[in-house]
Amino acid sequence: MKHSYFFTGFPGFIAARLIKEMIKNDTDFLQANLLVLPAFAEKAKQDAEAIEKEMGIPFGSLRILTGDITKPGLGIEENEFLEEITHVFHLAAIYDLAVPKDVAYLVNVEGTRNVNEWVRRLKNLKRYIYFSTAYVAGTREGLLLETELIRPPAFKNYYEETKYEAEKLVEGLKSEVPVTIIRPGIVKGHSVTGETVKFDGPYFILNTLRAMRFLPVIPYIGRSASKINLVPIDYIIQSVAYLSLYGPAEGKTYHLTDPHPYTATEIYEMFAVEMYGKKPKGTIPLPLCKACLSLAPMRKFLHTEKETIDYFTWKGDFDASQAIADLATAKIACPDFKEGVPAMVRFYKENQDHAHYQVAIK
């Protein structure tokens with residue numbers, strides 16, 4: 001049977017690139033059905049046609065379906081294609097660390113509940129790939145295993161909490177449906193080109209460094225031994241495209257994380273050296289930084305969310321034994337973060353003044 005995909009989260013950064021990688025790798029690819037919010041339908045149509053042209057596949061191979069994961073039945077009016085679906089990729093979610101609780105629960109939890117119920121109706125499903133996050137660990141620290149899903153004492157934000165609750169729902173499907181759960185670290189741009197579509201996550205550090213460029217000396221933001229687990233988009237795409245077709249991946253959960261991450265201070269220093277050619281001097285204490293970021297004018301000046309600071313003090317280590325072992329069969333490994341810093345900073349500098357790359361800071 002030829003493969004027919006169903007994607008949520010298109011035309012997002014990860015979904016668009018994953019579709020192209022799947023087309024390239026899957027000799028049984030037939031078509032992909034892309035669930036899109038009505039407001040993004042026209043852009044999605046244009047992006048889909050561009051992918052079809054780039055990949056040299058027949059026009060109409062990528063089918064746009066308007067709908068909404070927060071609605072029962074995903075708000076899809078036509079369901080005659082249900083028999084065709086072999087692989088479901090659920091990427092749609094609110095990824096903002098500062099997301100309000102009600103919005104996060106509606107999209108991340110109720111949306112996933114609706115996708116799960118829809119998936120149960122698929123008679124020819126070969127794999128359901130769910131995108132979670134390694135940070136479902138919340139405030140748990142120490143060694144964090146792929147094989148465990150333990151509710152932590154607390155979460156650093158509603159993004160983490162709702163992704164945990166959503167993953168728990170998908171975990172409960174493993175006895176009924178061929179599930180593979182993907183837990184990425186913090187996703188950054190391409191390791192070689194530096195390309196990304198928005199400056200959030202680690203890019204808030206670059207925003208902060210840019211805002212402080214008028215200072216005679218750039219200070220450190222605290223001194224932290226906490227590791228920040230950053231992974232390039234190309235590693236995520238290659239890994240998921242392989243694992244979604246890899247038989248032994250069924251029923252597994254994977255940490256797509258950097259097995260050798262750098263500390264927050266090391267990353268900050270790398271960025272400062274790449275941007276300004278010199279190491280920072282002096283230190284602003286982390287509690288003072290967090291207090292400053294509690295003030296809206298300061299957040300907007302630095303163009304940084306205050307939730308970012310929580311990751312400078314958290315001490316968790318992600319075990320990725322399953323991912324490393326299974327991806328080794330395809331010779332896929334996570335690139336060293338340090339090697340990608342020049343491309344990352346170069347892309348940031350080239351696009352820092354383009355408003356559409358910057359996220360809204362409240």
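Author: Let's begin with helix H2, which lies across strands S2 and S3 and runs at about 170° to S3. For such angles, axes are lines fitted to C-alpha atoms, for helices over the stretch in contact, and the angles run from 0 to 180 degrees between N-to-C directions; contact means heavy atoms within 4.5 Å. The labels come from DSSP runs, numbered from the N terminus: helices are H or I runs of at least four residues, and strands are E runs of at least two.

Before going on, two notes on the model. It is a predicted one, in which local features need pLDDT of at least 70 and side-chain atom pairs count only at pLDDT 80 or more, while totals for chains, interfaces and linings use all residues. Residues are numbered from 1 along each chain as its sequence is written, and side-chain values use heavy atoms, with hydrogens and water left out.

One place to look is alanine 32, which stands opposite leucine 62 in S3. To get from S2 to S3, the chain passes through H2 (residues 41-55), and this β-α-β crossover is right-handed. That term means that, with the strands pointing away from the viewer, the path from the first strand over the helix to the second runs clockwise.

S2 also pairs with S1, again in the parallel sense and over five bridges.

Step back and you can see the whole open sheet: seven strands in the order S3-S2-S1-S4-S5-S7-S12, with parallel pairing. S3 and S12 (253-256) stand at the edges with a single partner strand each, so one side of each has no neighbour in the sheet. On average, neighbouring strands are turned by 20° against each other, direction ignored.

Next, follow the order along to S4 and S5. They run parallel and are joined by four bridges, with histidine 90 standing opposite tyrosine 130 in S5. S4, helix H3 (residues 101-119) and S5 together form a right-handed β-α-β unit. On to S7 (residues 179-184): four bridges join S5 to S7, and these strands run parallel. Isoleucine 129 has threonine 180 in S7 as its bridge partner.

Is S5 buried or exposed? Five of its five residues (127-131) are buried, so S5 is largely enclosed by the rest of the structure. Buried means under 20% relative accessible area, exposed means over 50%, and partly exposed lies in between, using a 1.4 Å probe and protein chains only. Arg127, Ile129 and Phe131 point one way from S5, while Tyr128 and Tyr130 point the other way.

The loops beside the sheet strands deserve a look too. Between S1 (3-8) and helix H1 (13-25), a loop holds proline 11. Another loop, between S3 (62-66) and S4 (87-90), contains leucine 74. Leucine 74 has a phi near 65°, a positive value in a residue other than glycine, and is buried, with a relative accessible area of 0%.

For contrast, lysine 331 sits in the loop between helix H10 (321-328) and helix H11 (337-351). Lysine 331 also has a positive phi, about 60°, although it is not a glycine. At 79% relative accessibility, however, lysine 331 counts as exposed.

Conventions
Pairing = 2+ DSSP bridges.
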